Amino acid sequence: MTENTENLVLKQLQALRASQSRMEASQSRTESDIQDIKLRLGTLEKGLAEGFLSYSRQQLEIDRLNERLARVEKRLELAD
């Protein structure tokens, strides 16, 4: 090969290597972002589960209070 051709090939290889390095850095950032999203999603899921559990407990307590109120009304002959 001539020196000119060798230089062109070398420049192309260098450009490919630089492009590959940029792509690897971009992929690394993307993977990091995905990990961050997974962590945030896990936190959100945990919060939703805790909220649902709290809501369920409150509903049970409301049901118990309603039952007690119904019994009190019945004893006082206030019930319909």
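Predicted model: local features only at pLDDT ≥ 70, side-chain atom pairs only at ≥ 80, totals over all residues.
Which residue forms a salt bridge with arginine 64, and how far apart are the closest N and O atoms? The legends below take up this pair after an overview of the helix.

View 1. Residues are numbered from 1 along each chain as its sequence is written, and side-chain values use heavy atoms, with hydrogens and water left out. Helix α1 covers residues 3-75, 73 residues in total, and spans 107 Å from its first C-alpha to its last, close to the 108 Å expected at 1.5 Å a residue. Helices here are DSSP runs (H or I, at least four residues), numbered from the N terminus, and the expected span is 1.5 Å times one less than the number of residues.

**View 2. The salt bridge of arginine 64 and glutamate 61.** Arginine 64 forms a salt bridge with glutamate 61, and their closest N and O atoms are 3.1 Å apart; a salt bridge is a side-chain nitrogen of Lys or Arg within 4 Å of a carboxyl oxygen of Asp or Glu. Both residues belong to helix α1 and lie 3 residues apart, about one turn of the helix. Arginine 64 is partly exposed at 46% relative accessible area, and glutamate 61 is partly exposed at 38%, where buried means under 20%, exposed over 50% and partly exposed in between (1.4 Å probe, protein chains only).

**View 3. The salt bridge of arginine 40 and aspartate 36.** The rule gives a count of 2 salt bridges, and in this view the side chains of arginine 40 and aspartate 36 meet at 3.1 Å, N to O. These two residues are separated by about one helical turn, because they are 4 residues apart in helix α1. Arginine 40 is exposed, with a relative accessible area of 58%, whereas aspartate 36 is partly exposed, at 35%.

**View 4. A nonpolar surface patch.** Val9, Leu13 and Leu16 form a nonpolar patch on the surface, with about 280 Å² of accessible area together. Patch residues have over 30% relative accessible area and no salt bridge, and nonpolar side chains (Val, Leu, Ile, Met, Phe, Trp, Tyr) are joined within 5 Å. Leucine 13 is placed in helix α1 and counts as partly exposed, because its relative accessibility is 49%.

**View 5. Glutamate 77 after the helix.** Just after α1, glutamate 77 takes a positive phi of about 55°, although this residue is not a glycine. Glutamate 77 counts as exposed, at 72% relative accessibility.

Note on methods
Patch = residues over 30% accessible without salt bridge, like charges linked within 9 Å, V, L, I, M, F, W, Y side chains within 5 Å. Areas by Shrake-Rupley, 256 points an atom, 1.4 Å probe, with all protein chains shown as cover.
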